[in-house]
Amino acid sequence: MPLHAPEFPPELKWVNSDSSLTLEKFRGHPILLHFWTFGSIHAFQVLSELKKLEDEFSKKGLVVIGIQNPKYFHERNYENVKEACHRLNINHPVILDEEMLIYKKFAIRTLPSYVLIDPEGNIIVSTSCDNRYEYLREKISSLVVGKNLPTFDLYNWSAFDDKFNFRYPTKAVAALVQDKLYYFISDTFNNRIVQLTEEGQFVTSFGEGILYSPLGCCIWKDFLIVCDSGHHRVIAFDLEGKPQRKYKVLAGKGEKGIFESRSEYDAKSAPLNFPSDVCVWGEHLVIACSGSHQIVQYIYKDDSIIHIAGSGKEDLQDGPATHAALAGPSGITAISESVLAFTDSETNSIRLIIKNWNETGKTMIVSLVGGGLAEFGFSDGLGAEAKMQHPLSCAWSPNTQNIYVIDSFNNAMRIYSLGKDYLGTVPLSDELNEPAGISWYSGNLIITDTNSHRILLIKETDIIQRNNTNSIEPAKINKIFKGPFAKITDYSKNNINQNLV
């Protein structure tokens, strides 16, 4: 006997809907429930597959409803969920299941999960994990074939067009180009990199019509290197020329995958999985692949990608780097030619990659702060005691020998002293709203305040510290970049292929 789908509790809050919705309202339609949490690295990848199902089947009557199940305290806040739905361009209704009531009613055990309900209100599919597109497509097709169901209208966040401001920027770096200082900002919602002068004036943009959800970037040799995260590749743009400048795919075959231990690939054949940050490490580039929980290295002389850290298992496990377990490495910064620091967002940790550990020749992973997948909070203290909540970026200061960290879901800037093994909090003169990026340049810290659509600059000398690394007084924010910009010219369709080198 088929199992009838239980109704939603009426008291819960909705995004992308003006009123509470019920399953009964959509009787006669097939309904796909998507159980997810926006703080997970899997969210973006699963949502891209979900959008393909919506694009194909919403006009044939399919109703998609998201069930947001919070892992972090931050995800229990309605405004934060609403911002996430806009930032991720989610067009279907989403219900905030704050106390996991729907999750329990449908006997869900893991995220992401899907439940497919037939037009009579019966559950016909309950399945979990990633890469379920083909399976779900087949099941949905069987429910709509030969039927004339009314179209289900979706919200259209993507129609919001604001080319004159940042929209949910995620990362920013500063660099000298021909002896002039510029800022390069990942304007992620607008799928581009914006270049500003030292005074914050618009210079040009990179990647219009090429990039999809760009995240980390850096300047290397004569190129702007960009993590083209949604396309699972890394792009190198020429810094010279007009907006229709030349570019090339530096690494990544455009399909997500996983690296075997110590494997090596031709760079353009490498299975990068949602590269989220990139930095220069010695003579080479290091790339954090959040989707596969791994870190890889681009070797310039061989034009190759080698695996250096992460088994692919999602967890916090130290030890030999290629066998260690990572969980969503999201921000990386070089401390020296033999030491690299990174934020592991899903384990709420700061970790190191150390080459030639104790002169053994081995490369090791060592955790400084963080306790595991289920341990998070907001507290200062020694590394083993301090807590963070979904840190997304870090920056090493050679001046003070500190690691600065963006503790995204605590809306905080943190500071870790290697010498004292202490994590503190830097109070600021203005509040942050789910920041995502931090970088250091010549005594200045550059913060990407994502949900406020702005870039902040702080002088490191304004961060006055006690011995325990907490600040005595708020650090002054010296500059704020947020637009408006001069007119930005998009790539013409006929210019894209001829500029690929």
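Analyst: In the lining of the largest pocket, α1 gives the most, with seven residues. Helices (H or I, at least four residues) and strands (E, at least two) are DSSP runs, numbered from the N terminus. The model is predicted: local features need pLDDT of at least 70 and side-chain atom pairs pLDDT 80 or more, while totals for chains, interfaces and linings use all residues. Residues are numbered from 1 along each chain as its sequence is written, and side-chain values use heavy atoms, without hydrogens and water.

The volume of the largest pocket is about 1,100 Å³. A pocket is an open set of points on a 1 Å grid over the protein atoms alone, where a 1.4 Å probe fits, with protein on both sides within 12 Å along at least five of seven lines; lining residues have an atom within 4 Å of a point. Around the largest pocket there are 50 lining residues, with F44, R87, L88, T188 and S213 nearest its centre. Its lining divides into 18 nonpolar, 21 polar and 11 charged residues.

The second largest pocket holds about 610 Å³ of space. Its lining has 29 residues, and V173, C279, T333, S439 and W440 lie nearest the centre. Six strands each supply at least two residues of this lining: β8 (172-177), β12 (214-220), β17 (275-281), β22 (329-334), β27 (391-397) and β31 (437-441). Of the elements, β31 gives the most, with five residues. By class, the lining of the second largest pocket has 21 nonpolar, six polar and two charged residues.

Definitions and conventions:
Grid points are joined across faces, edges and corners, and a volume is the space filled by probe spheres set on the points. Ala, Val, Leu, Ile, Met, Phe, Trp, Tyr, Cys and Pro count as nonpolar, Asp, Glu, Lys and Arg as charged, and the others, Gly among them, as polar.
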